[in-house]
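Subject: Structure for your reading, with notes

Dear colleague,

Please find the sequence and the structure below.

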Amino acid sequence: MTATLTQQPVTTERSSGYAARIDHVSKSFGRPGARQQVLDDIALDVAPGEFVCLLGASGCGKSTLLNLVAGLDKPTVGSIDVPGGRPALMFQEHALFPWLTAGRNIELALRMRGVPRAERRPEAERLLNLVRLKGAYGKRVHELSGGMRQRVALSRALAQDSKLLLMDEPFAALDAITRDVLHEELTRIWAETHVSVLFVTHNVSEAVRLAQRVVLLSSRPGRIAREWTVDIPHPRRIEDAAVADLSVEITEQLRGEIRRHGQH
Amino acid sequence: MASTDNSASTGPAGPAGSESRATGPAAGTTVTKEPAATDAAEGTPDQLAGLEAGLDALDTQTRTRVPLARVLLDKVVPPVVAIALVLTAWQLAYHFEVKPHYQLPSPADVARALQDKWLDGTLLGYVWESVSRGALGFAASLIIGTPLGLLVARVRFVRAAIGPILSGLQSLPSVAWVPAAIIWFGLTNSTIYAVVLLGAVPSIANGLVAGVDQIPPLYLRAGRTIGATGFAGIRHVLLPAALPGYIAGLKQGWAFSWRSLMAAELIATSPELGTGLGQLLDQARVDSDMSLVLAAILLILIVGIGIELLIFAPIERRVLRSRGLLASNR
């Protein structure tokens, strides 16, 4: 039970398989002359089945990076390769469609994936079961609590059967107790489904609790500042000494990054 | 509940391929055997499931059904009281002859005029003539207004070109079209339908545009991430998301259809056109039959309100309730 901290080289030479490769990506917005660089030379591989947390203060371009990986936007420089096809994406807001029931929301994702009609309902029920929402099939979104909505949203993301799951601060709007439970739930589902996860957060202990690898981004423009491999065994708790120790260490580094911005 | 192998399901299962990279989690295999290192009780799946079920139960609101008597008291009594007050005031005005009786007949006189037409067997004919025209005109407006609205909402050039005209047309009273339509089409049904279309199409199209504009961008993003793009995106995300605004537009579109229809019928009267409520009203004016004038106005009002209450209000309530957008639905 040790948290080994390793100063990682930013780029890694790999010959075989990755779930996502972010290859020296930079992103700028705005017109020439008034350009603002949001991401600067990000190079990051997510291994198949790996759980990576992107951590950073506001302005580090976490969400921009996730949008790029999701294919919702194009990088200015560099390239992104996601061999498993369109990644699934989960937002801070559940983004479930209020005109459909929980089950139908999942079935729509299945349908868009081309699953035949007859298989959709059993598959939707299986996915709801996976997040322990057996009875929620016929429930409307507004009838569910915040935690239940995020679990349905997770089911819908899993319905895409993508090799890569992108999560954009999915638990940030939840209360602490629910978030804690969903951390455990996500860890369990990740282990069961072998999906690769790229998880964006500004919550250090969330990152340490969930990830195998924590990547710290500096702000304005977002650069990879440092990486940690987290070897703490599951089940982890936020309160665990090892989790807390590593969180303190990463927080210090994060504060250092933020402090730099106040100096000029 | 089955106690499955906890260590296997919650350990950081060394992901395939991770060992091949320098940064991979090297400790993945060494730690899976000791899941109880921390507070094991909280980590077991059964405990977690129980905790989750408890949270779900605490967070889920129970909905209480409002008793029928309460609904009647809240929804039926107020309008009945209001109608009674209006009738009383009317009766008093009649009683004190605010206007001579031939100009202001009593409520009973108006009721009698209605009854006469009913006994003639012609009353329903007038109503049906107008309602069927209104329904047909509305249906045509729907078919034209919906794709038009979609086009304006989604195609920037079309919006810039005709968006302002479309919303401007909404404030143009459709009576203004009647003279033009009569010159174009003569005293025919085409005149009436032209006026109805010019009144209703803009408001249906505008309703859809407003509905599309109000869609939270998150839904469109979520739709794109699950692969609902192009036509599938319109069908499964855009249209359902715009439905509340669209229905509000339809409701307004019906009101415009009905109003335009009455204006057209009132002006375009000819034997070949049949007798709708507008023509009945005009005939009563010619005959100086004030009871019948008021009776016809009353019928026009009742049909307008009736269609709104019987058709549009339930649809709108259903859509809003299913999305949890109805405040009264606690």
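Predicted model: local features only at pLDDT ≥ 70, side-chain atom pairs only at ≥ 80, totals over all residues.

The six-stranded sheet of chain A

In chain A, 6 strands form an open sheet, and their order is E5-E6-E7-E3-E8-E9. The pairing in this sheet is mixed. Which strands stand at the edges? They are E5 (88–90) and E9 (223–229) of chain A; each has a single partner strand, so one side of each has no neighbour in the sheet. On average, neighbouring strands here are turned by 20 degrees against each other, with direction ignored.

Strand E7 of chain A, residues 196–201, deserves a careful look. E7(A) is joined to E6(A) by 5 bridges, and the two run parallel. In this pair, Met167(A) stands opposite Phe199(A). E3(A) is likewise joined to E7(A) by 5 bridges and runs parallel to it; there, Leu54(A) is opposite Val200(A).

How many of the residues of E7(A) are buried? The count is 6 of the 6, so E7(A) is largely enclosed by the rest of the structure. In a regular strand, side chains alternate between the two faces of the sheet. In E7(A), Ser196(A), Leu198(A) and Val200(A) point one way, while Val197(A), Phe199(A) and Thr201(A) point the other way. The residues of both sets are buried.

Towards the other end of the strand order, E8 (residues 213–218) and E9 of chain A pair in the antiparallel sense over 6 bridges. Ser218(A) stands opposite Arg223(A), which belongs to E9(A).

The three-stranded sheet of chain A

A second open sheet in chain A has 3 strands in the order E2-E1-E4, with antiparallel pairing. Its edges are E2 (36–46) and E4 (77–81); each has a single partner strand, so one side of each is left without a neighbour in the sheet. From one strand to the next, the twist averages 20 degrees. E1 (residues 20–29) of chain A pairs with E4(A) in the antiparallel sense over 4 bridges, and Ile22(A) stands opposite Ile80(A) of E4(A).

Helix H1(A) packs on this sheet and touches E1, E2 and E4 of chain A. The direction of H1(A) makes about 120 degrees with that of E1(A). Helix H1(A), residues 62–70, also lies across E3, E5, E6, E7 and E8 of chain A, and runs at about 150 degrees to E6(A).

Two helix pairs

Two packed helices are described by the angle between their axes and the distance between the axes.

In chain A, the axes of H3 (residues 117–130) and H4 (residues 146–159) come within 9 Å and cross at roughly 130 degrees. That angle makes H3(A) oblique to H4(A). The crossing is right-handed. Leu127(A), Leu128(A) and Leu130(A) of H3(A) meet Val152(A), Ser155(A), Leu158(A) and Ala159(A) of H4(A). By class, this contact has 6 nonpolar residues, 1 polar residue and no charged residues.

In chain B, the axes of H13 (residues 277–286) and H14 (residues 290–322) come within 8 Å and cross at roughly 165 degrees. H13(B) and H14(B) are therefore roughly antiparallel to each other. H13(B) passes H14(B) in a left-handed crossing. Among the residues in contact are Leu277(B), Leu280(B) and Arg285(B) of H13(B), together with Leu292(B), Ile297(B) and Val303(B) of H14(B). The residues of this contact divide into 11 nonpolar, no polar and 1 charged.

Two single residues

Asn105(A) lies in helix H2 (residues 102–113) of chain A. Is Asn105(A) buried or exposed? Its relative accessibility is 0%, so Asn105(A) counts as buried. Apart from neighbours within four places in sequence, Asn105(A) is in contact with Leu96(A), Phe97(A), Leu100(A), Val141(A) and Arg156(A).

Ala313(B) lies in H14(B). Ala313(B) has a relative accessible area of 15% and is therefore buried, since buried means under 20%. The C-alpha atoms of Ala313(B) and Leu169(B) are separated by 25 Å, and these residues are 144 residues apart along the chain.

Yours sincerely

Methods:
Residues numbered from 1 in each chain as written. Chains lettered and ligands numbered in written order. Heavy atoms only, no water. Axes fitted to C-alpha atoms, helices over the stretch in contact; angles between N-to-C directions. Parallel < 35°, antiparallel > 145°, perpendicular 65-115°, else oblique. Left-handed = near helix turned anticlockwise from the far one by under 90°. Contact = heavy atoms within 4.5 Å. Nonpolar A, V, L, I, M, F, W, Y, C, P; charged D, E, K, R; others polar. Buried < 20%, exposed > 50% of the residue type's maximum accessible area, 1.4 Å probe, protein only. Pairing = 2+ DSSP bridges.
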